[in-house]
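User: Got a model up on screen. Can you walk me through how the helices pack?

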Amino acid sequence: MGVAAAARALGRLQYRLARVPFQLFDDTVMPALFDDAAPARLAYEWVLIECDEAAAVLFDDQSAAAHAQMLRQRGAAVRYASARRHRQLLRDTEATLERHRARFLARHRKHATDTD
């Protein structure tokens, strides 16, 4: 094994050891404090993704690359579900506003005809 390969292997080992507390925090503390779509949780996952991708490149770490990809997919699914909920909420709000507008216009017309 060459010096560069040994240095990458040592870097991989050090990264994996350094990553353990962050992974433990992500697996235990974050779910207890935040739901999946909370901005703080998504930001924390983004930091982990960036670190994993850097480790994948710097240390030729396929495990870190796979973990970054898994976090990206999970985050994308969460953001997609959140966007769908938000869109449904907007549709519901628009429907409610439309009902209120119709009632207002009906009352306005009735009032206008009653005063004539």
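Predicted model: local features only at pLDDT ≥ 70, side-chain atom pairs only at ≥ 80, totals over all residues.

User: Start with α1 and α3. At what angle do they cross?

Analyst: Roughly 20°, with the axes coming within 13 Å. Helix α1 is residues 3-33 and helix α3 is residues 62-115. Helices here are DSSP runs (H or I, at least four residues), numbered from the N terminus. Axes are lines fitted to C-alpha atoms, for helices over the stretch in contact, and angles run from 0 to 180 degrees between N-to-C directions.

User: Parallel or antiparallel to each other?

Analyst: α1 and α3 are roughly parallel. The cut-offs: under 35 degrees is roughly parallel, over 145 roughly antiparallel, 65 to 115 roughly perpendicular, and the rest oblique. The α1 and α3 crossing is left-handed, meaning that the near helix is turned anticlockwise from the far one by less than a right angle.

User: Which residues make the contact?

Analyst: Tyr15, Arg16, Arg19, Gln23 and Asp26 from α1, against Ser63, Ala64, His67, Leu71 and Arg74 from α3. Contact means heavy atoms within 4.5 Å. By class, three are nonpolar, three polar and four charged. Ala, Val, Leu, Ile, Met, Phe, Trp, Tyr, Cys and Pro count as nonpolar, Asp, Glu, Lys and Arg as charged, and the others, Gly among them, as polar.

User: Now α2 and α3. How do they run?

Analyst: Their axes cross at roughly 155° and come within 8 Å. That makes α2 roughly antiparallel to α3. The crossing is left-handed. The contact includes Leu42, Leu48 and Ile49 of α2 and Leu71, Gly75 and Val78 of α3. It has 10 nonpolar, two polar and seven charged residues.

User: And α1 with α2?

Analyst: The axes of α1 and α2 come within 11 Å and cross at roughly 165°. The pair is therefore roughly antiparallel. α1 passes α2 in a left-handed crossing. Phe22, Phe25 and Met30 are among the α1 residues that meet α2, and Tyr44, Leu48 and Cys51 are among their α2 partners. The residues divide into 11 nonpolar, no polar and six charged.

User: Switching to Asp52. Buried or exposed?

Analyst: Asp52 is buried, at 1% relative accessible area. Buried means under 20%, exposed over 50%, and partly exposed in between (1.4 Å probe, protein chains only). Asp52 sits in helix α2, residues 39-58.

User: What does its side chain make a polar contact with?

Analyst: The side chain of Arg19, at 2.7 Å. A polar contact is a pair of N or O atoms within 3.5 Å; within protein, one must be able to donate a hydrogen and the other to accept it, and residues adjacent in sequence count only if both atoms are side-chain atoms. Leaving out residues up to four places away in sequence, Asp52 also touches others, including Tyr15, His67 and Leu71.

User: What about the phi of Asp60?

Analyst: Near 50°, a positive value in a residue other than glycine. Most residues other than glycine have a negative phi. Asp60 is in the loop between α2 and α3. Asp60 is partly exposed, at 45% relative accessible area.

Note on methods:
Residues numbered from 1 in each chain as written. Heavy atoms only, no water. Helix = DSSP H or I, 4+ residues; strand = E, 2+ residues; numbered from the N terminus.
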